[in-house]
Amino acid sequence: MDLDSVFVPLAELAGASVDQIKLISCLLIAFPLGSVFVRIPSSQPALKHLFNIAITLFYFFPVLKVYGVFFQLLASVLATYAVAKYDRSSRMPWLVFAIVMGHLTINHIIRALRQTSYETMDVTGPQMVLTMKLTTFAWNVWDGRRPAEDLDKWQSTKRVVQFPTLLEFLGYAFYFPGILVGPYLEYHDYMELITERLYDNLPVKENSSRKLPKGRKRVAYSKMVLGLAYLGAYVVIASKHNFTVALPWFKEQPLWKRIAMFQLYSPSERVKYYAVWTLTEGASILTGFGFTGFNAKGKSTWTGAANVIPLDIEFPSNFKGILDSWNMKTNIWLRECVYKRVARKGKKPGFKSMMITSMTSAFWHGIYPGYYLTFMLGGFITAVARLARANFRPFFLPKDGQPVSMKKRLYDLTGTIFSLFVLNYAATPFILLTIEDSIEAWRTLGYYGHIIIGGGMVFFYAGGAKFLRGLQRKKGLLPPPRKPTLVPPVAKSTSGSDSSGPSTPVGEQDFVLPPSFDKVVPPEK
């Protein structure tokens with residue numbers, strides 16, 4: 001039976017492309033398949049690996065019919081396996097990185113030259129996820145070959161000491177809930193999932209025959225319902241309220257109305273990401289991935305497979321909250337496999353590390369200039385947001401032991417509004433992709449984002465930061481100066497490595513953006 005006979009009528013009914021219907025179908029099929037996966041005994045790990053591979057083959061062949069896509073992914077997988085197994089030098093992770101990122105970049109270029117619509121399924125989507133997975137694996141293997149004293153906490157936890165068999169690695173690479181749109185997971189976590197070691201000695205089990213904690217299905221199916229709600233919102237709203245529809249008639253509206261209505265269009269573009277990421281998170285949870293312990297009420301929590309927190313994005317207290325809640329798995333990958341790895345041994349990552357990380361993020365997303373416009377503006381947004389928080393926030397904080405005041409609530413509300421307005425403005429090129437469309441969109445909006453950010457930069461660098469710091473000092477609000485943090489010496493590696501990767505600074509999450517301008521040229525204080 002040709003499955004297209006099922007998908008084509010559904011696509012016509014929904015007003016979507018056939019590839020989009022197929023993708024959503026795969027994400028939904030993963031839910032019952034996840035329940036099958038957990039019923040395979042942990043004493044039979046080979047069956048679980050084969051199950052992952054079989055379902056992935058089912059997705060790519062009879063359902064999606066993208067045979068070449070699968071074989072391209074398989075080529076990257078086998079190349080990574082061979083290099084990681086036989087190259088024992090410190091260059092191995094970088095060689096894997098060059099191979100898989102180079103392959104991805106070539107496909108991004110081909111997609112751009114062919115002007116492939118985002119509604120069409122091609123290799124770049126699954127390949128972006130696989131790139132994170134394979135490069136992380138290479139670093140985990142290298143960490144397993146280094147002395148334990150050279151590693152930080154994340155590296156020690158995720159290191160791969162025993163090199164996997166080819167079947168184990170294929171099962172990991174083609175873990176079916178995350179193969180199309182993520183989430184990616186580390187090899188260590190995959191094997192914990194396969195063997196169910198993660199659930200040893202838990203107080204509350206789903207049933208006596210399995211180690212899984214109770215509450216998995218409750219969380220997973222609530223994610224499915226939420227994902228379908230996001231999908232329905234996208235189908236209903238985005239067809240009428242999106243950038244493509246809005247731009248032609250925007251010019252006829254007053255500026256205030258353009259800006260106000262524009263705030264409705266950006267969420268309609270983001271909601272499609274909420275839909276697919278929430279669905280795949282739920283399917284992953286059904287397989288047992290994402291368990292993070294128990295809450296105060298004794299219920300199991302499953303936040304480890306999350307890639308987005310929509311409420312924290314749509315109702316943020318500040319711009320950093322947005323960055324921390326969007327594409328979270330990519331942030332982890334950039335932090336652990338780029339940001340920390342390019343820093344010299346024993347040195348804290350700095351400007352160079354952030355620049356390299358930013359460029360990696362840009363190339364990973366693709367070659368469209370819209371991505372780079374968003375990333376470049378993001379560096380300035382981060383600077384103004386950080387300066388505003390440091391210079392304004394202390395005036396609104398309640399004293400120790402006092403309840404939150406009305407002025408603090410108003411400050412938070414103002415921060416939410418400004419963060420959303422700036423986010424929606426800055427993300428426009430990320431959606432429209434081309435320079436011409438992006439500049440035209442910004443122009444019809446009166447360049448309000450540039451005015452806010454540029455005005456903030458002028459204010460703080462023209463003496464505003466110095467004035468507000470002086471005012472804080474007079475009111476006794478200025479925190480004491482930080483003592484210099486000394487980087488502890490790291491033991492000399494006996495494995496030939498000259499870059500062990502330092503620990504990540506607390507709160508450093510915004511690795512998808514260029515270095516904040518105030519970190520390069522700080523204002524006078």
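Reader: In which helix is the place of Met-406?

Author: The model shown here is predicted. Within it, the helix that spans residues 406-426 includes Met-406. That element is helix H18.

Reader: Is Met-406 buried or exposed?

Author: A residue counts as exposed when its relative accessible area is over 50%. Because Met-406 has a relative accessible area of 56%, the residue is exposed.

Reader: What separates Asp-412 and Lys-408 in helix H18?

Author: The side chains of Asp-412 and Lys-408 meet in a salt bridge, at 2.8 Å from N to O. Asp-412 counts as partly exposed because its relative accessibility is 25%, whereas Lys-408, at 10%, counts as buried. The two residues are four apart in helix H18, so what separates them is about one helical turn.

Reader: How many residues apart are Glu-196 and Lys-48?

Author: The side chains of Glu-196 and Lys-48 form a salt bridge of 3.5 Å, N to O. This pair links distant parts of the chain, with Glu-196 in the loop between helix H9 and strand E1, and Lys-48 in helix H3. Both Glu-196 and Lys-48 are buried.

Reader: Which parts does the pair of Glu-281 and Lys-223 tie together?

Author: Glu-281 and Lys-223 form a salt bridge in which the closest N and O atoms are 3.5 Å apart. Glu-281 is buried, because its relative accessible area is 4%, while Lys-223, at 22%, is partly exposed. Since the two residues are 58 apart in sequence, the pair ties together helix H12 and helix H10.

Reader: How many residues of the largest nonpolar core come from helix H12?

Author: The largest nonpolar core has 121 residues, and those with the most contacts inside it are Tyr-59, Phe-60, Leu-180 and Trp-333. Helix H12, residues 255-286, supplies the largest share of this core, which is 12 residues.

Reader: How many residues does the other core have, the one that lies apart?

Author: Among the residues of this other core are Ala-362, Tyr-368, Tyr-371 and Phe-375. The core lies apart from the largest one, and its number of residues is six.

Conventions. Residues are numbered from 1 along each chain as its sequence is written. This is a predicted model: local features need pLDDT of at least 70, side-chain atom pairs count only at pLDDT 80 or more; totals for chains, interfaces and linings use all residues. Side-chain values use heavy atoms; hydrogens and water are left out. Buried means under 20% relative accessible area, exposed over 50%, partly exposed in between (1.4 Å probe, protein chains only). A nonpolar core is a set of buried Ala, Val, Leu, Ile, Met, Phe, Trp, Tyr and Cys residues joined through side-chain atoms within 4.5 Å. A salt bridge is a side-chain nitrogen of Lys or Arg within 4 Å of a carboxyl oxygen of Asp or Glu.
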